[in-house]
Amino acid sequence: MVTVDTPVLGARDTDRRRSVRLPAGMHFANLPALTPRAEDDLPAHRRVYVERLDPTLTWQDITWLVELTDLPVVVKGVLRPDDAARAVEHGAAAVWVSNHGARNLDTVVPTAVALPAVAAEVGGRVPVLVDSGVRRGVDVLKALCLGADAVFVGRPYLWGLAAAGREGALAALHMLDTELRMAMGLCGARDLSALGPDLIWR
Ligand SMILES: Cc1cc2nc3c(=O)[nH]c(=O)nc-3n(C[C@H](O)[C@H](O)[C@H](O)COP(=O)(O)O)c2cc1C
């Protein structure tokens with residue numbers, strides 16, 4: 001789902017294409033498929049995506065997966081209420097509202113915008129999870145108010161890890177926890193059950 005007021009392809013896209021190329025002679029040691037080849041007409045990361053995207057997948061594949069395992073199958077990347085309903089109908093144990101950190105599709109809808117309608121559609125039948133762009137405790141608070149049962153982060157703890165190893169990753173999570181508690185206190189919320197849409201000013 002993309003917003004319509006900006007072009008899908010533009011100058012930024014071209015810039016990004018250039019920026020993902022490695023310097024000559026370097027390669028991704030553990031990701032050989034990402035190493036640029038002279039004959040490539042697509043940047044390496046795009047080639048990987050194009051080769052991995054399977055246009056034959058259907059919702060029946062979710063049912064097949066669910067029947068194959070006792071593990072909970074969670075459908076991630078849901079942004080539309082109708083897709084959320086399909087995920088539940090096909091046996092998903094949870095619906096994960098995500099745009100994968102807005103790293104893949106330019107102008108993709110923010111998850112804070114998509115979340116309320118998805119949560120309403122799911123209606124408590126399974127947990128609703130969310131990620132993408134959560135950077136501060138107040139972001140966690142807003143996501144919980146907008147209908148999420150749990151909130152995830154991708155890059156923040158990786159940045160902590162890169163900066164200071166295990167302690168850095170823990171510090172990133174601790175900061176989110178502290179900020180969430182502070183934001184809750186400042187909103188007059190004693191516990192998580194007090195978080196709801198009434199705390200959100202639109
Ligand atoms: C380096 C990197 C690789 C990722 N690879 C995948 C992936 O293979 N499949 C997927 O569903 N999400 C992938 N994600 C998205 C994360 O699972 C997560 O949805 C996203 O990072 C959350 O947004 P945030 O980083 O803004 O917190 C990746 C994220 C990063 C940063």
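Helix α4 passes helix α5 in a right-handed crossing. This is a predicted model. The axes of α4 (residues 81-89) and α5 (residues 111-122) come within 8 Å and cross at roughly 35°. From α4, the contact uses Pro81, Ala84, Ala85 and Val88. From α5, Ala117, Val118, Glu121 and Val122 take part. By class, this contact holds 7 nonpolar residues, no polar ones and 1 charged.

Helix α6 covers residues 137-145, and helix α7 covers residues 155-186. Their axes lie 7 Å apart, at an angle of about 60°. Therefore α6 is oblique to α7. The crossing of α6 past α7 is right-handed. On the α6 side, Gly137, Val138, Val140 and Leu141 make the contact. They meet Leu176, Thr178, Glu179, Leu180, Met182, Ala183 and Met184 in α7. These contact residues divide into 8 nonpolar, 2 polar and 1 charged.

The two pairs are set out below.

| Helix pair | Axis angle | Axis distance |
|---|---|---|
| α4 (residues 81-89) and α5 (residues 111-122) | roughly 35° | within 8 Å |
| α6 (residues 137-145) and α7 (residues 155-186) | about 60° | 7 Å |

Next, the ligand. The residues around the ligand include Lys76, Ser98, His100 and Gly101. Asp131, Ser132, Gly133 and Val134 also surround the ligand. By class, the shell has 2 nonpolar, 6 polar and 3 charged residues.

Last, confidence. The chain has a mean pLDDT of 87, and 83% of its residues reach 70 or more. Residues 1-18 have a pLDDT below 50. Beyond near neighbours in sequence, this stretch has 15 contacts in the model. Where pLDDT is low, predicted coordinates should not be read in detail. For the complex, the predictor gives an ipTM of 0.98 and a pTM of 0.83.

Definitions and conventions
Residues numbered from 1 in each chain as written. Predicted model: local features only at pLDDT ≥ 70, side-chain atom pairs only at ≥ 80, totals over all residues. Near = placed C-beta within 6 Å. Nonpolar A, V, L, I, M, F, W, Y, C, P; charged D, E, K, R; others polar. pLDDT = per-residue confidence, 0-100. Contact = placed C-beta atoms within 7 Å. Axes fitted to C-alpha atoms, helices over the stretch in contact; angles between N-to-C directions. Helix = DSSP H or I, 4+ residues; strand = E, 2+ residues; numbered from the N terminus. Parallel < 35°, antiparallel > 145°, perpendicular 65-115°, else oblique. Left-handed = near helix turned anticlockwise from the far one by under 90°.
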